[in-house]
Amino acid sequence: MAAMLTVIFWITLSGANYPSRLISNGLFRMQDILTELFNNIGAPDWLHGLLVLGMYRVVAWVVSVMLPPMAIFFPLFTLLED
């Protein structure tokens, strides 16, 4: 069982890199679009900093870093439990 858990951890850590990179690229491309939108509508810098560079960037990092490993690990761990 320990060997199977080790394999699951290895699959999770090595397999999450590619989807994490794809999600990160997509979300941060959206950040650039939002920045350009805020510049075009003439929004103040403090509002851009709060919404785009603050809230959006934090959510984008959390989603791109945490979602792929969780999406891989939990289904595989469920199979191990069964």
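Helices (H or I, at least four residues) and strands (E, at least two) are DSSP runs, numbered from the N terminus. The model is predicted: local features need pLDDT of at least 70, side-chain atom pairs count only at pLDDT 80 or more, and totals for chains, interfaces and linings use all residues. Residues are numbered from 1 along each chain as its sequence is written, and side-chain values use heavy atoms, with hydrogens and water left out.

Start with the whole protein chain, coloured by secondary structure. There are three helices and zero strands, in the order α-α-α along the sequence.

Next, show the C-alpha trace. Its atoms fill a box of roughly 60 × 20 × 15 Å along the principal axes. The radius of gyration (over C-alpha atoms) is 18 Å, whereas a compact globule of 82 residues would have one near 12 Å, by the rule of 2.2 Å times the number of residues to the power 0.38.

Switch to the surface. The protein chain exposes about 6000 Å², 73% of it from carbon and sulfur atoms (Shrake-Rupley method, 1.4 Å probe). Of the 82 residues, 24% count as buried (under 20% relative accessible area, 1.4 Å probe, protein chains only).

Now select helix H1 (residues 2-15) and helix H2 (residues 17-41). Their axes, lines fitted to C-alpha atoms over the stretch in contact, come within 5 Å and cross at roughly 30°. H1 and H2 are therefore roughly parallel to each other (angles under 35 degrees, between N-to-C directions on a scale from 0 to 180).

Display the side chains at this contact (heavy atoms within 4.5 Å): Leu13, Ser14 and Gly15 of H1 meet Asn17, Tyr18 and Pro19 of H2.

Technical notes:
Buried means under 20% relative accessible area, exposed over 50%, partly exposed in between (1.4 Å probe, protein chains only). Angles under 35 degrees count as roughly parallel, over 145 as roughly antiparallel, 65 to 115 as roughly perpendicular and the rest as oblique.
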